[in-house]
Amino acid sequence: MKKITKQVYLKWYEDMLFWRKFEDKLAAVYIQQKVRGFLHLYNGQEAVLAGSLHAIDIKKDRLITAYRNHVQPIGMGVDPKRVMAELYGKGTGTSQGLGGSMHIFSKEHNFYGGHGIVGGQIPLGAGLAFADKYFKRDSVTLCYMGDGAVRQGSLHETFNLAMLWNLPVVFICENNGYAMGTSVARTAKEQEIWKLGLGYDMPSSPVDGMSPVKVAEAVSEAVERARSGGGPTFLEMKTYRYRGHSMSDAQHYRTKEEVEEYKKIDPITQVKDVILEKKYGSEKDIEKIDKRVKDLVKECEKFAEESPWPEANIMYDTVYEQEDYPFLPHKL
């Protein structure tokens, strides 16, 4: 595993703080109806992404995830201004405003979505890994899912083939405790989700998903295994989300006290404490980072606000057209 240095901790703090504040801004503009539709925020789960990114090479490795997907592409190198513009539905967005909150995508930066169908990204993640193996590319795919998605049959079909074909893929379940508003305890007899991989003889383990260090260690081991031809791994990241499943979630299924308990082990606070304890930075250094983050969030908002709406023809240019399609008149 790459060494976790002073620079890594400072980067983790700035990245995770920016992701948190980026999502907070989206929540604010959503209430103002500047962002429409569904909005699923990542607050509390930042350590999973921070640790994962430390373990991979973003120039050749790939990420694919579900619809809680605003900050992952930013971590992979996508301009955050374009991500915010996409949520605004603007023409400068990552998909020219046509994808929206749940479908951020950037092939250029090896980020393959952003998928609104629960569990839909799981077989696609294995497919990306299959292509890498077929074309003999030295790449690994990280395929993320929520705890609700592991109840989909597609996960089991994918696990079976991924092991059969020995694919270079790491499956990561971000278990934040609730599938929408339903706890894991109400959906499965076995609550240790990582054990699902054992039925396919897949190396599997639980991970402290609130610690970027623990995540980096586990993902690094899994990535090294996949890259060396050792096949898939299944990791269950035990994490937590501070906000609701989406902005429309009233959160009646949990108490405020429960949320506050998890905030005591907030990943951003954990990293900040290490920076100060080990003298990797002073309070003034932290303040400078805080200001940079605040300024960048403002830049993203300004860019999205001032960007133009997509031209109407864009909608038609992205729809498949077959001129000789049977059963329909050619001229309407």
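Biologist: What makes strand 6 and strand 7 a pair, and in which sense do they run?

Modeller: Strand 6 and strand 7 (residues 233–238) are joined by five bridges in the parallel sense. Two strands pair if DSSP finds at least two bridges between them, so the five bridges of strand 6 and strand 7 make them a pair. One of the bridges links Val207 to its partner Met237 in strand 7. This is a predicted model, in which local features need pLDDT of at least 70 and side-chain atom pairs count only at pLDDT 80 or more, while totals for chains, interfaces and linings use all residues. Residues are numbered from 1 along each chain as its sequence is written, and side-chain values use heavy atoms, with hydrogens and water left out.

Biologist: Which strands are called edge strands, and why?

Modeller: Five parallel-paired strands form an open sheet in the order 1-2-3-7-6. Strand 1 (62–64) and strand 6 (204–208) are the edge strands, each with pairing on one side only. From one strand to the next, the twist averages 20°.

Biologist: What does helix 6 touch when it packs on the sheet?

Modeller: Helix 6 touches strand 2 (141–146), strand 3 (169–175) and strand 7, and its direction makes about 150° with that of strand 3. Contact here means heavy atoms within 4.5 Å. Helices (H or I, at least four residues) and strands (E, at least two) are DSSP runs, numbered from the N terminus.

Biologist: Why is helix 5 called roughly parallel to helix 6?

Modeller: The axes of helix 5 (residues 121–134) and helix 6 (residues 153–164) come within 8 Å and cross at roughly 20°. Angles run from 0 to 180 degrees between N-to-C directions, and axes are lines fitted to C-alpha atoms, for helices over the stretch in contact. Under 35 degrees counts as roughly parallel, over 145 as roughly antiparallel, 65 to 115 as roughly perpendicular and the rest as oblique. Helix 5 is therefore roughly parallel to helix 6. Their crossing is left-handed, a term for a near helix turned anticlockwise from the far one by less than a right angle, with clockwise giving right-handed.

Biologist: Which residues make this contact of helix 5 with helix 6?

Modeller: Ile122, Pro123 and Ala126 of helix 5 meet Ser154, Leu155 and Thr158 of helix 6. Four of these residues are nonpolar, two are polar and none is charged. In this scheme, Ala, Val, Leu, Ile, Met, Phe, Trp, Tyr, Cys and Pro count as nonpolar, Asp, Glu, Lys and Arg as charged, and the others, Gly among them, as polar.

Biologist: Why are helix 4 and helix 10 oblique to each other?

Modeller: Helix 4 (residues 80–87) and helix 10 (residues 283–306) pack at an angle of about 50°, with their axes 8 Å apart. They are therefore oblique, and their crossing is right-handed. The contact of helix 4 with helix 10 has six nonpolar, no polar and four charged residues.
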